[in-house]
Amino acid sequence: MTLRGSAGRRIAAALAAGALTAVLLAVSGSPALAQAWVPPAGAGSVTLLTQYISNTGHRLDDGSLIADGKSKNVALYLEAEYAPTDRLSLSVGIPYVFARYVGPGPSLANLPVDSCRCWHAGWQDFGFTARVNLLGGAFALTPSVSYGVPSHAYNYEGEAVLGRRLQEVRLAVDAGARLDRISPKLSVQGRYAYAFVEQVLGVPNNRSNVSIEPAFQFTRRLAVRGLVLFQHTHGGLRVPADLMTPELFRQHDRLLRDNNWRLGAAASYSWSRLDVFGSYVEYMDGRNTHAGRVFTAGVSWPFEWRMR
């Protein structure tokens, strides 16, 4: 199997793993690329994608589903990635987000941002990621660090908002293996990430994310992936048990104890100067989270530039 650093294949999987809640795009900030192999020195890419999120209800702390409070989110995401060495990859990106509350009933907080049932739009969070490849070849191991910071003081109260407006630092490790003994076209990757999230009102809200991604390279240009995704929040607020004060209620949308698991699939097709990709993710179950699904599609333009 050839893993030639296609930005389309990397981003298709990573963005399919993006968080559903409040269009966090791969969990608050930059969609840190869930990829164990890094591009070769001098290789880079510019990526533009769109993501559609349909929130079809809310799951409470006991797991029960409320099929109301629906909302829709659309995001345009621009990212640039570059590898100054064979071991180091750097990326920066930012999404422009559209959000709308659709009901049918009033939202929990019944705020004007939701009650108007209109679209709200704006820039969300800058994301910066550095990945360092420790092992390459048939087995790869790549730790990374990411930093997400709000681009401005946007509104975070309600359903039709741009995001959570919280800073966070994520430490992650990706491991990947080519399964040549089974098929030279088959590989599998795994990722664990821990996010240190800015605290509000003293409520801890750090998060663990795990992904497992089997991949099959049908041809040199066409690749597909399966996606199994888990999220566990270390702390956070339970609904409705922890919404005991007006201040906690105001903050609950960005401080939920969001635990969930998701299934999805992604595919990409690569040309010499262009990659296209798409993915679909369905929320299967969870606590203090949304129900819904995520569609992602985009294009990536690879380039080469040697630093002197």
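**Notebook: pocket, cores and confidence**

I looked up the largest pocket and noted a volume of about 400 Å³. The model is a predicted one, and I kept this in mind throughout.

I next asked which residues of the lining lie nearest the centre of the largest pocket. They are His58, Leu108, Glu159, His252 and Asp253, out of 29 lining residues. I sorted the lining by class and recorded ten nonpolar, 13 polar and six charged residues.

I then turned to the strands that contribute to this lining. Strand 1 (43-59), strand 3 (70-82) and strand 14 (289-304) each supply at least two residues of it. Strand 1 gives the largest share, three residues.

I moved on to the nonpolar cores. In soluble globular proteins, nonpolar side chains tend to be buried together. Here I found that the largest nonpolar core has twelve residues, among them Leu60, Leu166, Ala195, Val197 and Leu256. Also in this core are Val200, Val203, Leu237 and Val239, as well as Leu243, Leu248 and Leu255. I listed a second, separate core of six residues, including Ile53, Leu227, Ala266 and Val281.

I examined Ala195 for its contacts. Leaving aside residues up to four places away in sequence, Ala195 touches Glu168, Val169, Arg170, Asn206 and Arg207.

Finally, I checked the confidence. The chain averages a pLDDT of 86, and 88% of the residues score at least 70. Over residues 1-34, however, the pLDDT is below 50. I noted that this stretch has 148 contacts in the model beyond near neighbours in sequence.

Technical notes. Residues are numbered from 1 along each chain as its sequence is written. This is a predicted model: local features need pLDDT of at least 70, side-chain atom pairs count only at pLDDT 80 or more; totals for chains, interfaces and linings use all residues. Side-chain values use heavy atoms; hydrogens and water are left out. A nonpolar core is a set of buried Ala, Val, Leu, Ile, Met, Phe, Trp, Tyr and Cys residues joined through side-chain atoms within 4.5 Å. Buried means under 20% relative accessible area, exposed over 50%, partly exposed in between (1.4 Å probe, protein chains only). Contact means heavy atoms within 4.5 Å. On a 1 Å grid over the protein atoms alone, a cavity is a set of points where a 1.4 Å probe fits but cannot get out, and a pocket is an open set with protein on both sides within 12 Å along at least five of seven lines; lining residues have an atom within 4 Å of a point. Grid points are joined across faces, edges and corners, and a volume is the space filled by probe spheres set on the points. Helices (H or I, at least four residues) and strands (E, at least two) are DSSP runs, numbered from the N terminus. Ala, Val, Leu, Ile, Met, Phe, Trp, Tyr, Cys and Pro count as nonpolar, Asp, Glu, Lys and Arg as charged, and the others, Gly among them, as polar. pLDDT is the predictor's confidence in each residue, from 0 to 100.
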